[in-house]
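Have the model open while you read.

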Amino acid sequence: EQLEARGHSVRAVYLYTAMADLAKETGDEKLNAACNALYKDITERKMYVTGGIGSFHHGETFSNPYDLPNAEAYTETCAGIGLMFFCDRMQTLVNNATYADTIERVFYNGTISGLSLSGDAFFYENPLEITMMEHFENRFGKRRFPITQRQKSFSCSCCPPNLNRLLPRLSEYVYGIDGNTLYINQFAASTLESGDVRCEMTTNYPVDGKITLCAQGAKKLAIRIPAWCAKYTLNKPYTLENGYAIVENAGEIAVEFDMTPFAMRSNAKVIRDVGKLCVQMGPIVYCAESVDNGENLHGFALPAKISATAVYSAEFGLNTLKVDAFRREDTCESLYTRADAELTKVTPTKLTMIPYYAFANRGETDMLVWFNEYR
């Protein structure tokens, strides 16, 4: 009977996972409808652009619709993992690419951000903004923000082992078989062998968008076309169905997704992000840190149609970006000035951005995902 995601975000998506399992086993249409309503409530009203869920720290809960603060975001790592579980079970109810899209978004961004690049330290919470000047103590006690550096252990140590059980099982999210159709849900260099079905996927995704598939034993291949992708090419005739390109399996199949970086904006009901933009390349959400860009990241602004150069980084395992941006600098020391006094200088500049999942790996520093839009 529950149609809105409420309560403890981790326990909630674990419950919804079991509900989807039960709906599949029993064919209960009412339960199926409830699962769909909950999925839409989460992904259309309560999910961060990083795929993180559970924005409120008190009780680790879902908050009101569109209440998605950035600096105070809770977005527990376990909640992201649980959302992957839920989406995976929903996909067993109906082969719709939206569930694989959400799995991709949360995994590449709001889930693996919980693990340090060194592999031995963890975030329980995954904020979308760190402004160090706000992290201070006063006589009323410390203001409540997520920690700024990953830890090797927690008194409630659920997130580290949860990540460690997820990572070895990622292969289960890549392929799906339904009748005579082989589904390509995620893109990773891999080989599938299941009964008479065999598939070899060659790709460097998400560093680039080129994917080659060679399959045997399946009459059709259903290749997910990611929701973020505006343009793509495919070397075989296809039809589109529920977000998948359906191809009659004949020979080598090559698909390429356009990985040109682009800006994203939120629904205007997300009041923290009104008039702001974030940057995405393929499925990867990007952030900027002061260690690369100097102080006051809030002084940067981005145009809606961004121009960016991608450079592969061995440190992060993905591309970094040099984004054409603008920086506001005040030429007057007054705390407030007339807006028509022209005392603000806006200069073109370059903003260095890294994959969001890799933030806070180079010491304490400011971090920002959402930037003011330059008009």
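Which element gives the most to the lining of the largest pocket? That would be α4, with five residues. Before going on, some ground rules: this is a predicted model, where local features need pLDDT of at least 70, side-chain atom pairs count only at pLDDT 80 or more, and totals for chains, interfaces and linings use all residues. Residues are numbered from 1 along each chain as its sequence is written, and side-chain values use heavy atoms, with hydrogens and water left out.

**Pockets and the cavity**

On a 1 Å grid over the protein atoms alone, a pocket is an open set of points with protein on both sides within 12 Å along at least five of seven lines, while in a cavity a 1.4 Å probe fits but cannot get out; lining residues have an atom within 4 Å of a point. Volume here is the space filled by probe spheres set on the points.

| Space | Volume | Lining by class |
|---|---|---|
| Largest pocket | about 620 Å³ | 13 nonpolar, six polar, eight charged residues |
| Second largest pocket | about 290 Å³ | five nonpolar, five polar, four charged residues |
| Largest cavity | about 30 Å³ | five nonpolar, one polar, no charged residues |

For the classes, Asp, Glu, Lys and Arg count as charged, Ala, Val, Leu, Ile, Met, Phe, Trp, Tyr, Cys and Pro as nonpolar, and the others, Gly among them, as polar.

In the largest pocket, Thr43, Met47, Val49, Arg105 and Met264 are the closest to the centre of the 27 lining residues. Besides α4 (97–111), both α2 (29–45) and β14 (262–264) supply at least two lining residues each. Helices (H or I, at least four residues) and strands (E, at least two) are DSSP runs, numbered from the N terminus.

For the second largest pocket, β4 is the top contributor with four residues. Gln91, Thr92, Asn95, Gly176 and Ile177 lie nearest its centre.

The cavity is lined by Pro206, Met281, Ile284, Tyr286, Leu318 and Asn319.

**Rings**

There are 15 aromatic pairs in the whole structure; rings of Phe, Tyr and Trp (its six-membered ring) pair if their centres lie within 6.5 Å, with planes under 30 degrees apart counted as stacked, over 60 as edge-to-face and the rest as tilted. Tyr183 and Tyr244 make an edge-to-face pair, 5.1 Å centre to centre with 85° between the planes. Since Tyr183 lies in β5 and Tyr244 in β12, the pair ties together parts that are 61 residues apart in sequence. Elsewhere, ring pairs link Tyr16, Tyr39, Phe86 and Tyr99 into a cluster.
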